[in-house]
Amino acid sequence: MKPVKPAVLHASKKHKANKAAKLHSHTRLRHHYAEIETNYETGETTPDELVEFAQTLKGIRYRYGSSNPERGFDCSGFVNYVFTHFGISIPRSSSDFAPVKGIDIKDAKFGDLILFTGTRSHNYHSAGHIGIVISQPGEPLEFIHSTSGDENGVTITAMNDRYQRRYIKTIRVFKEDPQAQEEDENAVPDTLEEAR
């Protein structure tokens, strides 16, 4: 006769299997999503205007769950407040950006969103922090965000090893201006002609 395993042992193994499956799915989350194309309505607002306004909020303290400058901001509350100021509707939570298609980090520029994993153990492998890029391609990447770290509030941070390890993706909110792009393309032959 086969010995019966105690129910506690069986439950413990089942719990470990579920925990491993959850951990595996969180790990996939960081790399799997990058599928949904988005089209944010930015109106007449320029990335420069948005970044300039965001920088006026530097020093406002960190406050979990808040998007009120009088009380403080958490990371997504800060980002949401800045975009809402210009009537631009974006998701409230950093985790809502997980399925949004990203762009190459080397192309990051003014007004793009930058997404990182969280620092707490329960969300270490999933989206948990967000900021706004305030540098241009070719410059050292910097972003403005509200952090609960040493700065404890809205601050500008350069992309460092710590954030590089937590980096998930960069998201373009402001689409390329077709007219400006066309002007740039038309300017290329003139420049070449002048160089001859």
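**Ground rules.** I'm working on a predicted model, where local features need pLDDT of at least 70, side-chain atom pairs count only at pLDDT 80 or more, and totals for chains, interfaces and linings use all residues. Residues are numbered from 1 along each chain as its sequence is written, and side-chain values use heavy atoms, with hydrogens and water left out.

**The two helices.** Axes here are lines fitted to C-alpha atoms, for helices over the stretch in contact, and angles run from 0 to 180 degrees between N-to-C directions.

Next I checked who touches whom (contact means heavy atoms within 4.5 Å). H2 brings Leu50, Phe53 and Ala54, while H3 brings Phe78, Tyr81, Val82, Phe83 and His85. I sorted them by class: 7 are nonpolar, 1 is polar and none is charged. (Ala, Val, Leu, Ile, Met, Phe, Trp, Tyr, Cys and Pro count as nonpolar, Asp, Glu, Lys and Arg as charged, and the others, Gly among them, as polar.)

**The sheet.** I found 5 strands in an open antiparallel sheet, in the order S6-S5-S4-S3-S7 (two strands pair if DSSP finds at least two bridges between them). S6 (153-158) and S7 (167-171) are at the edges with a single partner strand each, so one side of each has no neighbour in the sheet. From one strand to the next, the twist averages 30 degrees.

S5 and S6 pair over 6 bridges, antiparallel. Ile144 stands opposite Ile156 in S6. Their hairpin has 5 residues between the strands, and Asn152 there takes a positive phi near 50 degrees.

I also noted that H2 (residues 47-55) lies across S4, S5 and S6, at about 110 degrees to S4. H3 (residues 75-85) packs on the sheet too, touching S3, S4, S5 and S6.

**Salt bridges.** I counted 3 (a side-chain nitrogen of Lys or Arg within 4 Å of a carboxyl oxygen of Asp or Glu). Arg92 forms one with Asp74, with the closest N and O atoms 3.7 Å apart. The two are 18 residues apart in the chain.

Technical notes: Helix = DSSP H or I, 4+ residues; strand = E, 2+ residues; numbered from the N terminus.
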